[in-house]
Amino acid sequence: METIENNNQVNEKSSKRAKSITNPYKPTAAFIGASWTGLLAGTVGYCVGLWNATMELNEKGYYFVILLFGLFAVISVQKSVRDKSEGLAVTELYYGLSWFATIASIVLLVIGLWNADLLLSEKGFYGMSFALSVFAAITVQKNTRDSKLADAKQ
């Protein structure tokens with residue numbers, strides 16, 4: 001008799017747990033918030049650093065365009081990689097161009113910082129802000145896609 005009651009309690013607990021988990025593949029609000037916070041911290045920090053820098057306006061423009069180019073490129077790579085993994089059609093040209101743009105943005109930033117008349121700490125700041133921004137852009141894109149997919153399945 002005790003075994004039957006224990007089994008019933010276990011079944012009730014597991015069914016309550018199953019009802020509380022709406023979709024295990026949907027990102028949590030905390031992860032979505034952390035991703036957006038990372039993206040904002042990286043891009044705003046990078047832009048504030050550029051605004052306060054004592055470099056020529058054309059140099060500031062160069063670094064700003066590199067940030068925008070890098071953000072677009074990594075989002076494009078994430079989308080094309082995800083499309084391929086889900087069996088959606090992605091042309092090899094677009095896939096290759098996405099990777100080329102990502103690598104080009106990183107190389108252009110490295111070359112620009114290598115040749116810049118900046119303190120080593122400033123170079124590190126721009127490099128780390130860029131890295132934080134592009135990584136966060138990838139996670140924001142992933143979260144957006146996962147949320148849409150989870151909502152469509154419900």
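In this predicted model, the largest nonpolar core has 20 residues. Those with the most contacts inside this core are Tyr46, Met55, Tyr63, Leu109, Tyr126 and Phe130. At least two core residues come from each of helix 2 (29–52), helix 3, helix 4 (92–115) and helix 5 (120–153). Helix 5 gives the most, with 6 residues. In soluble globular proteins, nonpolar side chains tend to be buried together.

Tyr46 shows how the parts of the chain meet. Leaving aside neighbours within four places in sequence, Tyr46 is in contact with Tyr63, Phe64, Leu67, Leu109, Phe125, Tyr126, Ser129 and Phe130.

Helix 4 can be taken next. Its 24 residues should span 34 Å at 1.5 Å a residue, and because the end C-alpha atoms of helix 4 are 34 Å apart, the two values agree. The buried residues of helix 4 are Ser98, Ala101, Thr102, Ala104, Ser105, Leu109, Gly112 and Leu113. An α-helix has 3.6 residues a turn, so residues three or four places apart point the same way. Helix 2, helix 3 and helix 5 are among the elements that cover the buried residues of helix 4.

The surface comes last. Tyr62, Phe64, Val65, Leu68, Phe69 and Leu108 make a nonpolar surface patch of about 480 Å². Helix 3 (residues 57–85) contributes the largest share of this patch, 5 residues. Phe64, found in helix 3, belongs to the patch and is also one of the contacts of Tyr46. With a relative accessible area of 35%, Phe64 is partly exposed.

Definitions and conventions: Residues numbered from 1 in each chain as written. Predicted model: local features only at pLDDT ≥ 70, side-chain atom pairs only at ≥ 80, totals over all residues. Heavy atoms only, no water. Patch = residues over 30% accessible without salt bridge, like charges linked within 9 Å, V, L, I, M, F, W, Y side chains within 5 Å. Areas by Shrake-Rupley, 256 points an atom, 1.4 Å probe, with all protein chains shown as cover. Salt bridge = Lys/Arg side-chain N within 4 Å of Asp/Glu carboxyl O. Helix = DSSP H or I, 4+ residues; strand = E, 2+ residues; numbered from the N terminus. Buried < 20%, exposed > 50% of the residue type's maximum accessible area, 1.4 Å probe, protein only. Core = buried A, V, L, I, M, F, W, Y, C linked by side-chain atoms within 4.5 Å. Contact = heavy atoms within 4.5 Å. Expected span 1.5 Å × (residues − 1).
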